[in-house]
Amino acid sequence: MSYTIDRLIPGASMADADARTRAALQSKGFGVLTEIDVQATMKKKIDKDMAGYRILGACNPGMAWQAIGMEARVGAMLPCNVILRETPDGVEVSAIDPVASMAAIDNADLIAVAGQVRAMLAEAVAAI
């Protein structure tokens, strides 16, 4: 089972892919709560150079509310991470597959919610 939903945006810059990703997420009810510039962090912390790599912590408040209501500790697995990664062919956008990430939790209702979130994230990634 794949654990991400992926799309390559050929020839895109990181800034363009970031803006398009945020807009697509917003259109599906997700906001970006956290952002980690992994490229800058690696340079600062261990003086290593790497291609652009950004992690966006996306959250759909309504879906998060449902999930937390079903499993109080599920917040340890939230928000839904979306990465933007520079490649020689463009920027690859990868969103976590919530069904894969929730597979360790024995709760059929939660898996159903994760399936709804997966569909929303897949639509957002396809729209970038």
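This note comments on the sheet, the helices, the salt bridges and the cysteines of a predicted model.

1. Basis. The model is predicted, with local features requiring pLDDT of at least 70 and side-chain atom pairs counted only at pLDDT 80 or more, whereas totals for chains, interfaces and linings use all residues. Residues are numbered from 1 along each chain as its sequence is written, and side-chain values use heavy atoms, with hydrogens and water left out.

2. Sheet. An open sheet of 5 strands runs in the order β1-β5-β4-β3-β2, with antiparallel pairing. Its edge strands are β1 (4–10) and β2, each of which pairs on one side only. On average, neighbouring strands of this sheet are turned by 20 degrees against each other, direction ignored. Strands (E, at least two residues) and helices (H or I, at least four residues) are DSSP runs, numbered from the N terminus; two strands pair if DSSP finds at least two bridges between them. Angles run from 0 to 180 degrees between N-to-C directions, the axes being lines fitted to C-alpha atoms, for helices over the stretch in contact.

3. Pairing of β3 and β4. Strand β4 (residues 80–87) pairs with β3 in the antiparallel sense over 6 bridges. Within this pair of strands, I55 stands opposite I83 in β4. As a general point, strands of a sheet pair through backbone hydrogen bonds, either parallel or antiparallel.

4. Helix α2. This helix lies across β2 and β3 and runs at about 35 degrees to β2. At the start of α2, a side-chain oxygen of D37 comes to within 3.2 Å of the backbone nitrogen of Q39. After α2 comes D47, whose phi is positive, near 55 degrees. A40 counts as partly exposed because its relative accessibility is 40%; here buried means under 20% relative accessible area, exposed over 50%, and partly exposed in between (1.4 Å probe, protein chains only).

5. Surroundings of R54. R54 belongs to strand β3 (residues 53–59) and counts as buried because its relative accessibility is 16%. With neighbours within four places in sequence set aside, R54 is in contact with M14, D18, E35, I36, V82, I83 and L84, contact meaning heavy atoms within 4.5 Å. The side chains of R54 and D18 make a polar contact at 2.9 Å. A polar contact is a pair of N or O atoms within 3.5 Å; within protein, one must be able to donate a hydrogen and the other to accept it, and residues adjacent in sequence count only if both atoms are side-chain atoms.

6. The R54–D18 salt bridge. R54 also forms a salt bridge with D18, the closest N and O atoms being 2.9 Å apart. This pair links distant parts of the chain, with R54 in strand β3 and D18 in helix α1, 36 residues apart. Both R54 and D18 are buried. The criterion for a salt bridge is a side-chain nitrogen of Lys or Arg within 4 Å of a carboxyl oxygen of Asp or Glu, and the count by this rule comes to 10.

7. E35 and R22 meet through their side chains in a salt bridge (2.4 Å, N to O). Their pairing likewise links distant parts of the chain: E35 is in strand β2 (residues 31–37) and R22 in helix α1, 13 residues apart. E35 is partly exposed at 43% relative accessible area, and R22 is partly exposed at 27% relative accessibility. A network of salt bridges links D18, R22, E35 and R54.

8. The side chains of D16 and R20 meet in a salt bridge (3.4 Å, N to O). Both residues lie in helix α1 (residues 14–27), 4 residues apart, about one turn of the helix. An α-helix has 3.6 residues a turn, so residues three or four places apart point the same way. D16 is partly exposed with a relative accessible area of 34%, and R20 is partly exposed with 30%.

9. Cysteines. A search of the whole structure finds 0 disulfides, a disulfide being a pair of cysteine sulfur atoms within 2.5 Å. C59 is buried, its relative accessible area being 18%, and C80 is buried with 12%.
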